[in-house]
Structure formats: C-alpha cells, structure tokens
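Biologist: I would like to learn how to read a few features of a protein model. Could you take me through them one at a time?

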Amino acid sequence: MSDSNNPLANIKHVTVIGAGAMGSQIAMVSALAGYTTALVDIAEEYVDRAKSQLESRMNRDVEKGRRSQEDVSAAFDRLTFTTDRDGRAAQTDFVIEAAVEDLGIKRELFSELDQICPPHAILATNSSNIVSSRVADATERPDKVCNFHFFNPALVMECVEVVPNEQTSEETVETAVALAKSFGKKPVKLKQETPGFVANRLLGALRTEALKLYEEGIADFEDIDVAAKTALRHPMGPFELMDLVGVDVVYLIRMAEYEQTGNPESLPRPAIKELYEAGRFGRKSGQGWYSYD
C-alpha cells in the first residue's frame, strides 16, 4: 500500500495523557504495536507507578508464555514515561487522552494540546462519558477530534469504539479505525455520537434490567449473576461486573448521561445510588455487591 492510500502514513508517534490503569495499558498496547509512545502525567510518582505496574504485568505475561521477552523488551524501549507533556506533544501524531473525567479539565487540556501539537495531529479522548463534541470546540481543529474508546483492561479487551462528532472529518475517522486495527484491536465505528456509545448502551440495558429484577425482589443479585453466566454464557454476571468496573464509575456514567439527556430514566438506579453513597465501590474499596479480601 502506498503512503497516499495509507491512513497511518503520518502516524509514528503516539502520546497518551494520563498514567492511570487505562492510560498506562493503552500506552503499552501502542508500544507493543511498534509505535514510539509517550505516557504522560502531571507527577513523577504517577508515571513511576505506571511503569512499575506495567513491568509486573508484562513479566507475568512472559512467564505464562503470552508474550515473548523480545517483544516486551522492544516495547519498553519504544515507551517513554514522562511529565514533559509539552515536549512530547510537540512531536506527536496522535494523542489519546485518558485523564480524569472532568469536562473543565478536558477542555483546558484539549485547548492547550491544540496549541502545542503539530497541525496534522489527531486529538482523541478515551472517554465514554464525555463525547468529543464537548471538547472539540475548545480547539481550532474540531475536524481532528474524536472519541477513541478502549475497554478495561485495554491490554486484553479487543473492542475500540471510534466515535466522530459532527465536525470530525472522515479522514480522522479512518485514521483512528486503522490505528485501532494496527493495535490488534477490533474497531467499532459509530456514525454519530450517543451517550454510552454501543457497548455501554448494550451493557446498560442488561444492567438496568438486572437492577430492576433485584429491586423488585424477583431474585437475589447472586442468582441473577448465575443466570447471566450459565444461561447467557457471560464470563461474569452484571453485579460482578459492576464491582470490577467500580460502582462509583457506574454511578458517574449514569449521572453524566443524565446531564447530557435530561432524561430521568438516565439517573442511577436506587440500589446503585445507595452503594455509591455508602462508599461501597466494589473491588477497589473491598466491598460492593460482594465482599473482597
């Protein structure tokens, strides 16, 4: 394929903003795929922790035969952990923002990146809560802004949702789709924005029905999980999944959707609100629907 027909011809350097669990794994996915990659955060302690966690994760993968030591070593050679956001952004071709889910912070970040990044660079957000149209107008390149949504854990999950806003160019969409494929992922291309995109809309419908069954006293949550696993062949039940993702994340996603739609049906179910207010966020807090050691 000639460069003129290759949407990835200009994509050599990828910058990931935010060294949390999602951002760090996205950066490793990029590095494993052969891209010069920078993982950026605001403090050394965050990038150091991300590096340590990735090293442990990759070492386990090598020990279990999932990856070769050569591939992992080469990926780390391509991956830089840094607080020098501006220096890295100035030479990047594709930014994946995976920072805190705060619209004001994201708008400020995209505005600043717009001034620093090369004119051809695409600015993508990993968020599924905040659609890219809400940050695109903070830049002078709304045609090069989109959602590029990975699923947790990003090193394992194959789906990446590519979501354009009304001003996103087809070239940007095709580049994002091609990049996801080059990462070894299976991109899902949406035609327009919608709260929750595709996968979370599907998941939300199942979760809502499971919560209704529980709240109406039809079945205990443990039995609902058993039904989902044994009858529907899901790897885990909806309540187990809420604990894994984080009850707080589920709550905030619903609140974000309500802010966008104004539809009362978007609000978190009462059982979720109760757990959220009690600080029972799932695995991360030691207790959610289930208890964890």
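This is a predicted model: local features need pLDDT of at least 70, side-chain atom pairs count only at pLDDT 80 or more; totals for chains, interfaces and linings use all residues.

Biologist: Let's start with the rings. How many aromatic pairs does a search of the whole structure find?

Modeller: In general, a pair of aromatic rings is described by the distance of the centres and the angle of the planes. Here the search finds 14 aromatic pairs. One of them joins Phe94 and Phe148, with 5.3 Å centre to centre and 55° between the planes, which counts as tilted.

Biologist: Which parts does that pair tie together?

Modeller: Phe94 lies in strand E4 and Phe148 in strand E6, so the pair links parts that are 54 residues apart in sequence. Both Phe94 and Phe148 are buried. They also belong to one aromatic cluster, together with Tyr35, Phe150 and Phe183.

Biologist: Now the helices. At what angle do the axes of H11 and H12 cross?

Modeller: The axes of H11 (residues 247–261) and H12 (residues 270–277) cross at roughly 125° and come within 9 Å. The crossing of H11 past H12 is left-handed.

Biologist: Which residues make the contact?

Modeller: H11 contributes Val247, Asp248, Val250, Tyr251 and Leu252, while H12 contributes Ile272, Lys273, Leu275 and Tyr276. Of the residues in this contact of H11 with H12, seven are nonpolar, two are charged and none is polar.

Biologist: Next, Met58. Is Met58 buried or exposed?

Modeller: Burial is read from relative accessibility, and under 20% means buried. Met58 is at 0%, so Met58 counts as buried. Met58 sits in helix H2 (residues 44–63). Leaving aside residues up to four places away in sequence, Met58 touches Met28, Arg67, Val72, Phe76 and Leu155.

Biologist: And the backbone? Where is there a cis peptide bond?

Modeller: Omega is the angle to read: the bond joining Asn152 and Pro153 is cis, with omega about 0°. Pro153 lies in the loop between E6 and strand E7.

Biologist: What is phi of Phe197, and what is phi of Arg233?

Modeller: Phi of Phe197 is near 60°, a positive value in a residue other than glycine. Arg233 also has a positive phi, near 65°. Phe197 is in the loop between strand E8 and helix H8, and at 1% relative accessibility Phe197 counts as buried. Arg233 is in the loop between helix H9 and helix H10, and at 73% Arg233 counts as exposed.

Note on methods. Residues are numbered from 1 along each chain as its sequence is written. Side-chain values use heavy atoms; hydrogens and water are left out. Axes are lines fitted to C-alpha atoms, for helices over the stretch in contact, and angles run from 0 to 180 degrees between N-to-C directions. Helices (H or I, at least four residues) and strands (E, at least two) are DSSP runs, numbered from the N terminus. A crossing is left-handed if the near helix is turned anticlockwise from the far one by less than a right angle, and right-handed if clockwise. Contact means heavy atoms within 4.5 Å. Ala, Val, Leu, Ile, Met, Phe, Trp, Tyr, Cys and Pro count as nonpolar, Asp, Glu, Lys and Arg as charged, and the others, Gly among them, as polar. Rings of Phe, Tyr and Trp (its six-membered ring) pair if their centres lie within 6.5 Å; planes under 30 degrees apart count as stacked, over 60 as edge-to-face and the rest as tilted. Buried means under 20% relative accessible area, exposed over 50%, partly exposed in between (1.4 Å probe, protein chains only).
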